Amino acid sequence: MQPIMSPTKKAFLFVLLAIAIIAAFFVFKKNIAMTDTTTVSKKTDAANATPAVPETQVKGTATSVSSKSQIVDHYTTQEATTRMALTPTNVIWFTNYYRVQNNLPALSISSALDDSAQAKTTDMFTYQYFDHVRPGNTNASFSYFITLERYSYLKAGENLAEGDFTTSKQVVDAWMNSPDHRKNILDPAYRQIGVAVEKGTVDGSLTTLITEHFGEPTSACPSISQVTKSAIDALQTQLANTQTDISIKKSALASDSAQLDPDYNALVDAYNSLVASYDASIKQMQNLVKIYNTQVSTFDQCLAKS
């Protein structure tokens, strides 16, 4: 059995413990501030895009579809024969057809990328050009149209085609026969796609413009929990209030009148209970910060890879 401490010694021991814990709190709070999410930079500007090499024109010629009888789901040679019409949906289908052939997941359709592809196509007809950047306006690159749709991305790309194409397969085959366009189609980083197909006049001649936008959304990175961040903020407030209460009680216990108070031991017990609660909250904060900082680090690493 441990010896019973005198009230004075008992209070002094826990006062020292409280001082040590409070000092630890100030160091800990500094570490929180250093790892705030506001320091995480998100890559959403044009420099992070990966455009295909600009070309003056891509012409398509029909080639046979792979003879594989079954690829994955509905990406079969039989269905390919029903996908020939030159439409955005079918261009996406053949793009995914070749991705699946190369053991890559099919891209999902993004309404934002559909809209950005359409906006870029309209812009090319309006300003009579065929390029990844509008001539005379370096700000009007393809990534401009993507960010205009508030599509936050880690990586983005564009394939363009112009000419007398009659089928969606001709268009995608033309891209697959071009190394830079093929690279976009088979890029494993991309997860989403949007396509626009439009007929119009360029330089006085009737033609068809096809724009294909690819994206790896920022949401592809592991998320940083705002619930955890809110819990940390709440604990910081709680600890600050408890710290003030501890200081007040410590001063009271050190007074001469407290030493003569018949309820001194009860006051010491209450003080020690408060310190123990403070210590438990510190440990809870440490665990939450560790979890939160790991999430921030993982998110940063994901951005750095893009």
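L160 has T211 in β4 as its bridge partner, where strands are DSSP runs of E with at least two residues and helices are DSSP runs of H or I with at least four residues, numbered from the N terminus. This is a predicted model, in which local features need pLDDT of at least 70, side-chain atom pairs count only at pLDDT 80 or more, and totals for chains, interfaces and linings use all residues. Residues are numbered from 1 along each chain as its sequence is written, and side-chain values use heavy atoms, with hydrogens and water left out.

Strands β2 and β4 run antiparallel to one another and are joined over ten bridges, two strands being paired if DSSP finds at least two bridges between them. Strand β2 spans residues 153-163, and eleven of its eleven residues are buried, that is, under 20% relative accessible area, whereas exposed means over 50% and partly exposed lies in between, with a 1.4 Å probe and protein chains only.

The whole structure contains one disulfide, a term for a pair of cysteine sulfur atoms within 2.5 Å. C221 and C302 form this link with their sulfur atoms 2.0 Å apart. C221 lies in the loop between β4 (205-217) and α8 (226-254) while C302 belongs to helix α10 (residues 264-305), so the pair ties together parts that are 81 residues apart in sequence. Both cysteines, C221 and C302, are buried.

Two loop residues remain. R150, in the loop between α5 (142-148) and β2, has a positive phi of about 60° although it is not a glycine, and R150 is exposed at 80% relative accessibility. D203, in the loop between β3 (192-202) and β4, is not a glycine either, yet has a positive phi of about 55°; D203 is exposed, with a relative accessible area of 66%.
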